[in-house]
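Keep the picture in view as you read.

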Amino acid sequence: MSSAAWDVEQLKLRRSAVARTAALVLVVGSCLLAAAFTAVGLGGGDSQMAVKVRPMVHGTGWEAYLGMLAQILSVATLLAVGILVAWVLGREFTDGTVHGLQALPTPLPAIVRAKLAAVLLTAVACAAGAIVLAVPAGLAIGLGAPDEAALRAAVRPLVVVVLSALLALPVGLVASARRGYLPGIAALLGIVVLTQVATVAGAGAWFPWAVPGLWAGMGGAAAAADVTLLQLLLAVPVGGLGAFATVRWWSTAEL
């Protein structure tokens with residue numbers, strides 16, 4: 001991967017309103033929503049929201065809060081990173097800058113690899129930011145100081161973000177082949193719908209896009225415990241193939 005391409009793509013993301021908005025949703029939005037749901041779920045109320053949220057709360061204290069954060073991040077990361085992947089590749093066509101890329105000394109495949117790597121790094125940074133922000137949010141809802149169990153529970157949202165970000169990479173192939181970010185976003189929405197259908201049909205454990213959410217606890221504690229390491233790691237080949245196919249397309253397509 002070209003160092004120049006890497007520097008440029010990182011700079012583009014830092015200055016992009018799309019990337020900043022996605023990061024804000026992942027870090028701040030996810031933390032606050034998880035804190036609110038956890039406070040309602042762990043409370044003794046019998047409101048309609050408490051009744052609906054309580055099945056999503058597994059365990060107590062920080063374990064419950066970070067588990068809720070992982071569930072929310074499993075959906076938010078797929079959507080936010082998927083939109084970002086579609087945008088960084090599809091905008092080259094919709095903004096008419098693709099021919100400018102061809103004039104650069106850096107090969108197109110190197111530029112695409114830098115784009116995808118920059119998006120993944122942003123997702124990991126957002127996961128770390130969400131976990132850090134979760135500390136004051138957890139204190140605010142009365143969970144007390146984080147203990148050793150909280151440190152172990154913090155691994156789950158981090159893993160969920162990495163897996164969900166990998167699962168968003170195939171969207172880049174659609175945005176590239178269809179020459180625009182809107183087709184990529186349409187494909188992303190299709191994946192979300194299929195994920196819901198597969199989960200309801202009971203096949204979610206073998207549908208890669210549903211596995212991070214199930215493992216985080218969206219299907220209940222029993223469904224989370226049934227997810228195997230093999231099923232959890234399905235995201236790696238799916239993301240790898242998506243990235244490889246996208247880079248390959250930019251290597252061979254007539255632009």
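## Salt bridges

Counted by a simple rule, the structure has 7 salt bridges; a salt bridge here is a side-chain nitrogen of Lys or Arg within 4 Å of a carboxyl oxygen of Asp or Glu. Before going further, note that this is a predicted model, where local features need pLDDT of at least 70, side-chain atom pairs count only at pLDDT 80 or more, and totals for chains, interfaces and linings use all residues. Residues are numbered from 1 along each chain as its sequence is written, and side-chain values use heavy atoms, with hydrogens and water left out.

Are the two partners buried or exposed? Glu-9 is buried, with a relative accessible area of 5%, while Lys-12 is partly exposed at 30%. Buried means under 20% relative accessible area, exposed over 50%, and partly exposed in between, using a 1.4 Å probe and protein chains only.

## A linked network

Arg-91 takes part in a salt bridge with Glu-92 (3.7 Å, N to O) and in another with Asp-95 (3.4 Å, N to O). Arg-91 counts as buried at 18% relative accessibility, and Glu-92 is buried at 1%. Asp-95, at 46%, counts as partly exposed.

Which residues are linked in a network of salt bridges? They are Glu-9, Lys-12, Arg-91, Glu-92, Asp-95 and Lys-115.

Now look at helix α14, residues 235-252. Its 18 residues reach 26 Å from the first C-alpha to the last, close to the 26 Å expected at 1.5 Å a residue; the expected span is 1.5 Å times one less than the number of residues. Among the buried residues of α14 are Val-238, Gly-242, Thr-246, Trp-249 and Trp-250. Seen down the axis, the buried residues of α14 fall within an arc of 155°, so they line one face of the helix. That arc is taken from the directions from the helix axis to the C-beta atoms.

The face turned away from the buried side carries the exposed residues Leu-241, Phe-244 and Arg-248. The buried residues of α14 are covered by parts including α4 (61-94), α6 (108-140) and α8 (155-167).

## The core and its rings

The largest nonpolar core has 79 residues, and those with the most contacts inside it are Tyr-65 and Trp-250. Such a core is a set of buried Ala, Val, Leu, Ile, Met, Phe, Trp, Tyr and Cys residues joined through side-chain atoms within 4.5 Å. Helix α4 gives the most to this core, with 20 residues.

There are 5 aromatic pairs: rings of Phe, Tyr and Trp (its six-membered ring) with centres within 6.5 Å, called stacked under 30 degrees between planes, edge-to-face over 60, and tilted for the rest. Phe-93 and Trp-249 are edge-to-face, at 6.2 Å and 70°. Phe-93 lies in α4 and Trp-249 in α14, so the pair ties together parts 156 residues apart in sequence. The rings of Phe-93 and Trp-250 have centres 5.4 Å apart and planes at 40°, so this pair is tilted. Phe-93, Trp-249 and Trp-250 form one aromatic cluster.

Technical notes
Helix = DSSP H or I, 4+ residues; strand = E, 2+ residues; numbered from the N terminus. Contact = heavy atoms within 4.5 Å.
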